[in-house]
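User: I'd like to learn how to read a structure one feature at a time. Please start with the backbone and take it from there.

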Amino acid sequence: MPGHILRIAVPVPVDQVFDYLPPSGVDLAALQPGMRLRVPFGRRSAVGMLLDFGAESVLDDLRRATALLDAAPVLSVRHLRLLEWASRYYRHPIGEVVFASLPLLLRQDRPRRPKTLDVRWRLTPEGAAIDPDSLRRSPAQATLMRTLRRQPERELPPASLPSAVSWRRALRALVAKGWVAQEPASLATVLPAPAAKPPTLNDAQASAVEQLLCAGLNRFGVFLLDGVTGSGKTEVYLRVIEEVLRRGSQALVLVPEIGLTEQTLLRFRDRFAAPLAVLHSGRASGARLDEWRQAGEGRAPIVIGTRSAVWAPLARPGVIIVDEEHDLSFKQQEGFRYSARDIAVIRGQRENIPVILGSATPSLESVFNVHRGKYRHLRLRRRAGTATPPRYEVVDLRAAQMREGFSEPLVTRMREHLDRRQQVLLFVNRRGYAPLILCHQCGWTAWCERCDARLVYHQTANRLECHFCGALSELNAACTRCGSGNLLKLGYGTERVVEAVKQTFPGARVLRIDRDITRRQTAWQAALRQIRDGQADVLVGTQLLSKGHHFPGVTLVAVVDGDSRLFGVDFRSHERFAQQLIQVAGRAGRADEPGTVVIQTHHPAHPLLQVLVGQGYGAFAALALKERAEARLPPYQAMALIRAESEKPEKARAFLNEARAMALDLIANGAELLGPVPAPMERLAGRYRWQLVLQTRHRARLQRLLDGWLPGIRRLRTGRALRWSIDVDPQETL
Ligand code: ADP
Ligand code: ZN
Ligand code: ZN
C-alpha cells in the first residue's frame, strides 16, 4: 500500500526530494509517479515531478501541492529510476536532473494534455521474474500477474479485463513497482518500406550485422562498431534498425550535432517510410514537445537527436545507437555534467537492449572496455564500395621554405589536385585571421583582460576577439604599451589561410567553413551545397569539417598547423588530436579517387604521430592506453574533479584546501588526491579557476568516497562565497 505523502522533485539546486500532501480535491488514486504538480516552494510556486509515495515524513506540517498538471504520467517509473541513478552518479540535484531532461514546455507551469490514446499493459522483464504466488497479500495483483503471464505477448489490452475499475489500483501498484509497463495500444507496427534501395552489404558489414542480430536484440550488450571513415557504419545501423522496427520496437540514435549532420538524417528518411522524431535544442519548443511525445507513446519508431535525446522517453526501446561515440559533445560540460554515451549504456542495461557505439576513432574508454571484455568489438577495416584508404605524407617544417603558411611540398600537391579539377580541404585549428598580435618594437602581445588567453584578430569584422570569454575589442593602430605602429599579426587562422590560397592560386574558388560562418544555418547549408555541386575548389575549415560529411570531390586534405594540438595540456590532448586528424583525413577520397593527406609539422618524428600515420588509429590507441596505464590516468582510474572559481584565487584555493583536509582519511583507503592546483587556463572571464582531483582504481570505490566526502564539502562555509562544482568522469580538465 503506497503511502499518502508525495515525494516530489523540484528544480532547485538542493539535492533532495520534497514531501507534499496531494492537492485538495485530488484523489490519491488519480496520482501516479511521473506526473507534474504545482507546489508551493518557499514564497513562490514551482513545478515539481512526483517520483514516489511515502508513508511518513520527517516534517510535521506538510504543505499541500496546489494543482495536478498532468492527467497521465509524462515519464514512466522506469525512466524516473534512470534519472535518479544519474543524479546519484553525477552528484547533481535530482530536481534539476529531472527537469533538465524534459522539453522546455513541460518545465513550465501549464497543464499539457496529451492526445488520449488507448493503453495496454505489458509485463516488464523485472515483472516476469516475479512469482505471482509470492504476492499473497494482494490477490488482485497476483491475479493480474498470472493473467499477464498467460498472454502470448505478455500484454493485455484494457478490454480483456473483466471490469476495469476494480483492477485499477492493483495495476497502478504494479506499474509503480516497475513490474508492469503501461503503453499506448495504438503503437503502429511500422514495417520499413525502403524508399531507397539499400546497397548489398560487403563481407565485413554483413558479419557485423549478423553478430548484432545473433547476439539477440532482446538483451543487453554493448558493441563497439569500430570502422574506418566511410566503411559503411551507417549502413550497419540501418540494417539493425530495420530489424528492430520489424519487431515493433523503437530505435534511439544519438549523433553529435544535427545541424551538421543533415546528411545522416536524410539517409534515415530515405530508407524508412516511418515517422522520425528529431530532438535537438535548435527546434521550436512546440515541435520538440510533439516529437518527444511521439517517442514516449511509441508513435515514432525512430528517434534521432543530440546529447539530450538520450533522455527521450521510449514506449518500446529496441536499440540505442551512439554515432561518433568519441565526440566531446556527448558530455555536458556545464551544470548537470553527464555523458550521454555512458547514460546510453546504462539505459541499455536497464532496458535490457543492445547498445551500439560507432566510431572510426573510438574513445580510449571504449577501446579499454573492449580489452576488458565488457564490449564486443565489431570491425570494418575497409572503406565500403570502391574507395581506398588515404595515403599520408608528413612534411617536415623545420627549416622549410614557407610561403604564407604553406610549405613547398604542400603547394605542389595542391597544384596537382587543382589542375585535375579535384577539391582540396585545408584543416586549420582556429577561426579568425591571426591568433597572435605582437609589437615588434617592445614585445607586447594582445591578451584578454579577463582570461589567460591571447586575443585573436578577425579581419572580416576588423576586431580582436577572445575565443574563451567572447570579449570583443578594437585593434588599435599603435601598441598600447610603447606606441609603436609596428604591430605584427602572427600565426594562421582560417581567414588568413583563405587569403593565402587566393594569393597562391588566384583562379581557385575558396570557401571558408568555421563557426563564424555556420552560426547562420542558411549560410552553412549554402556552403554545403556549393561543395557538393563542385562550385568550390578549396575548402578552408576548422574541425567542423571533420564531422560526418561526405565530400566525394575532395581528394587532398592538408593539416596546415599540425603542431598546434600535439602538445596540449589536457591528458586527453593526444587522443583528441589523433581523432581529429583521422576524422579530417577521412573526408578525402571517399569516392573512386584515392585520397592524400598532408600533415605539416615541426615534429615529424613524434612517436604518436608516427604510429598514427604509419599503423593507424588502432595502434595509436594501444600505445596511448599504455601511456595512460603508466601515468595512472583514466580509463585505468576513475576520476572526479572538483572545480572552484572565484574572483580571488586565494578563495578558491582555501576552499579546496579545506575540502582536501576533509578527505585525508579517504586517501588512506587507496584513493589519490591531487591538488588543489590552478586549472591549466587559470583565469577565465575574470574568475580564477582551481581544481582538486580525486582518483581511485574502481568506479564503485570512487562513488563510495564521494558519498562520504561531498556532504562535508557542501557544509563548508568557504564554499558559499564562490562557485564550485563536481565533475564525475570529466572529459576536459581545462
Ligand atoms: P561511415 O558511416 O562508416 O562513415 P557510411 O555508412 O556513411 O560510412 O558509408 C560511406 C559511403 O559508402 C556511403 O556513401 C554509403 O552509401 C556507401 N556504402 C555503404 N555501404 C556500402 C556497400 N555495402 N556497398 C556500396 N556502398 C556502400
Ligand atoms: Zn610596443
Ligand atoms: Zn577572454
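Analyst: Let's start at Pro635, which sits in the loop between helix 19 (617-630) and strand 29 (638-646). Keep in mind throughout that this is a predicted model.

User: Which form does the peptide bond from Pro634 to Pro635 take, cis or trans?

Analyst: The general idea is that most peptide bonds are trans. The bond from Pro634 to Pro635 is cis, with omega near 5°. There's another cis bond to look at, from Gly675 to Pro676, again with omega near 5°. Pro676 belongs to strand 30 (residues 672-684).

User: What about phi: is it positive or negative at Ala399, and at Ala685?

Analyst: As a rule, most residues other than glycine have a negative phi. Ala399 isn't a glycine, yet its phi is positive, about 60°. You'll find Ala399 in the loop between strand 16 (391-396) and strand 17 (402-403). Ala685, also not a glycine, has a positive phi of about 50°. Its place is the loop between strand 30 and strand 31 (687-696).

User: How exposed are Ala399 and Ala685?

Analyst: Read the relative accessible area against the cut-offs: over 50% is exposed, under 20% is buried, and in between is partly exposed. Ala399 has 86%, so it is exposed. Ala685 has 28%, so it counts as partly exposed.

User: Where is Asp70, and is it buried or exposed?

Analyst: Asp70 lies in the loop between strand 5 (67-68) and helix 1 (77-90). Its relative accessibility is 3%, which is why it counts as buried.

User: Now the rings. How many aromatic pairs are there?

Analyst: Eleven, going by ring centres and planes. Take Trp311 and Tyr338: their ring centres are 5.3 Å apart and their planes are at 65°, so this pair is edge-to-face. It links distant parts of the chain, 27 residues apart: Trp311 is in the loop between strand 12 (302-305) and strand 13 (317-323), and Tyr338 is in the loop between strand 13 and helix 11 (340-351). Trp311 has 2% relative accessibility, so it's buried, and Tyr338, at 3%, is buried as well.

Next come Tyr433 and Tyr457, an edge-to-face pair with 5.9 Å between centres and 80° between planes. Tyr433 is in the loop between strand 19 (423-427) and strand 20 (436-439), while Tyr457 is in strand 21 (residues 456-458), so the pair ties together parts 24 residues apart in sequence. Both Tyr433 and Tyr457 are buried.

User: Which residues do ring pairs link into a cluster?

Analyst: Trp85, Tyr89, Tyr90, Trp311, Phe336 and Tyr338.

User: And which charges sit over rings?

Analyst: Look for a charged end above the face of a ring. Lys489 lies over the face of Tyr457, 5.0 Å from the ring centre. The charged end of Arg496 sits over the ring of Tyr492, at 5.1 Å from its centre.

User: Last topic, the ligand. How many residues surround ligand 1?

Analyst: Start with the shell, then its make-up, then specific contacts. The shell holds 18 residues, the closest being Thr200, Gln205, Lys233, Thr234 and Arg267. By class, there are four nonpolar, ten polar and four charged residues. Helix 8 (residues 233-246) contributes the most, three residues.

User: What are the distances from oxygen atoms of ligand 1 to Gly232, Lys233 and Thr234?

Analyst: A polar backbone atom of Gly232 is 3.0 Å from a ligand oxygen. From the side chains, a polar atom of Lys233 lies 2.9 Å from an oxygen of ligand 1, and an N or O atom of Thr234 is 2.8 Å from one. Taken alone, ligand 1 exposes 560 Å², of which the protein buries 73%.

How values were computed
Residues numbered from 1 in each chain as written. Chains lettered and ligands numbered in written order. Predicted model: local features only at pLDDT ≥ 70, side-chain atom pairs only at ≥ 80, totals over all residues. Heavy atoms only, no water. Near = heavy atom within 4 Å. Polar contact = N/O pair within 3.5 Å; in protein donor to acceptor, adjacent residues only side chain to side chain. Areas by Shrake-Rupley, 256 points an atom, 1.4 Å probe, with all protein chains shown as cover. Helix = DSSP H or I, 4+ residues; strand = E, 2+ residues; numbered from the N terminus. Nonpolar A, V, L, I, M, F, W, Y, C, P; charged D, E, K, R; others polar. Phe/Tyr/Trp six-rings, centres within 6.5 Å; stacked < 30°, edge-to-face > 60°. Buried < 20%, exposed > 50% of the residue type's maximum accessible area, 1.4 Å probe, protein only. Lys NZ or Arg CZ within 6 Å of the ring centre and 35° of its normal.
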